[in-house]
Amino acid sequence: MTQPDDAPVPPSRRPTAPGGARPSLPRTGVGVDVHAFAAEPGAPLHLACLTWPDEPGLEGHSDGDVVAHACCDALFSAAGLGDLGSNFGTAEPRWKGASGAVLLAEAARRVRAAGYEIGNVAVQLVGARPRVAARMAEARDALSAAAGADVSFSATTTDRLGFLGREEGLLAVATALVHPVGQ
């Protein structure tokens, strides 16, 4: 703060729209998902709403798609709808084996039903494998189609550090921006 006018404005003194209503601001959410690689060989890898042949699959109640799951978690967080587990819990048999695309489409539907539109989602995969560079555009398109909104996708490694570097599993972190509709 360099000038008195730089001080934060308390909620009671923020400007109002005509009729006294407070302007509606966009909301952000963060989502994280982690899954271990499957103990049984031959399980398919589902990642970013795509199937990755010749890569080990991930454990999970659904298909284990950490990228799609982190996107769902971020959307639920942004809209104040809980988290992935409270929406697609393991106690619900209908989500057993569900694809990441199905879960992401349902998460987006629930966010919209709660009165929000999705601005965008950004998600980053963290892990040593698979190498995703050749399928980045395909993954981005599949995620965006499932969410019905722009989803950016990137990936990084941990330079062989920790459980991710030892190739024991994968992690994804996502952020989502939603804004209220009709306010």
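Start with helix α1, residues 66-79: at 1.5 Å a residue its 14 residues should span 20 Å, and the end C-alpha atoms are 20 Å apart, which agrees. The expected span here is 1.5 Å times one less than the number of residues in the helix. Helices (H or I, at least four residues) and strands (E, at least two) are DSSP runs, numbered from the N terminus.

Before going on, note that this is a predicted model, in which local features need pLDDT of at least 70 and side-chain atom pairs count only at pLDDT 80 or more, while totals for chains, interfaces and linings use all residues. Residues are numbered from 1 along each chain as its sequence is written, and side-chain values use heavy atoms, with hydrogens and water left out.

**Around α1**

Keep α1 selected and colour it by accessibility. Of its 14 residues, 13 are buried, where buried means under 20% relative accessible area, exposed over 50%, and partly exposed in between (1.4 Å probe, protein chains only). Then select Asp-65, which caps the N-terminal end of the helix with a side-chain oxygen 3.2 Å from the backbone nitrogen of Val-67. At the other end, α1 is followed by Gly-80, with a positive phi near 70 degrees.

**The whole chain**

Five helices and six strands are present, in the order β-β-β-α-α-α-β-α-β-α-β along the sequence. The chain has 183 residues, and 41% of them count as buried. Contact means heavy atoms within 4.5 Å. Among contacts with a separation of 6 or more, 72% are between residues 24 or more positions apart. The exposed surface comes to about 9,800 Å², of which carbon and sulfur atoms supply 55%; the areas come from the Shrake-Rupley method with a 1.4 Å probe, and for residues only the protein chains shown count as cover.

Now colour by pLDDT, the predictor's confidence in each residue, from 0 to 100. The chain averages 87, and 87% of the residues score at least 70. Select residues 9-18: pLDDT stays under 50 there, and the model has ten contacts beyond four places in sequence for this stretch.

Select Ala-48, in the loop between β2 (45-47) and β3 (50-52). Its phi is positive, about 60 degrees, although it is not a glycine. Most residues other than glycine have a negative phi, and most peptide bonds are trans. Ala-48 counts as buried, at 0% relative accessibility. Cys-49 is in the loop between β2 and β3 and has a positive phi of about 65 degrees.

How many disulfides does the structure hold? The structure holds zero disulfides, a disulfide being a pair of cysteine sulfur atoms within 2.5 Å. For Cys-49, the nearest cysteine sulfur is that of Cys-71, 7.5 Å away. For Cys-71, the nearest is that of Cys-72, at 7.0 Å. Cys-71 counts as buried, at 0% relative accessibility.

Move to Glu-55, in the loop between β3 and α1. Its side chain makes a polar contact of 2.8 Å with the side chain of Arg-129. A polar contact is a pair of N or O atoms within 3.5 Å; within protein, one must be able to donate a hydrogen and the other to accept it, and residues adjacent in sequence count only if both atoms are side-chain atoms. Leaving out residues up to four places away in sequence, Glu-55 touches Ala-43, Leu-45, Arg-129 and Pro-130.

Arg-129 and Pro-130 are joined by a cis peptide bond, with omega about 0 degrees. Pro-130 lies in the loop between β4 (116-126) and α4 (136-147).

**Helix α4**

Select α4 next. Its twelve residues should span 16 Å at 1.5 Å a residue, and the end C-alpha atoms are 16 Å apart, which agrees. The buried residues are Ala-139, Ala-142, Leu-143, Ser-144, Ala-146 and Ala-147. Among the elements that cover them are β3, α1, α3, β4 and β5 (151-156). Gly-148 follows α4 and has a positive phi near 70 degrees.

**Glu-106 on α3**

The last stop is Glu-106, in helix α3 (residues 100-113). Is this residue buried or exposed? Glu-106 is buried, with a relative accessible area of 15%. Its side chain and that of Arg-109 are joined by a polar contact of 2.8 Å. Show Phe-88 and Trp-95 as well: Glu-106 is in contact with both, leaving aside its neighbours within four places in sequence.
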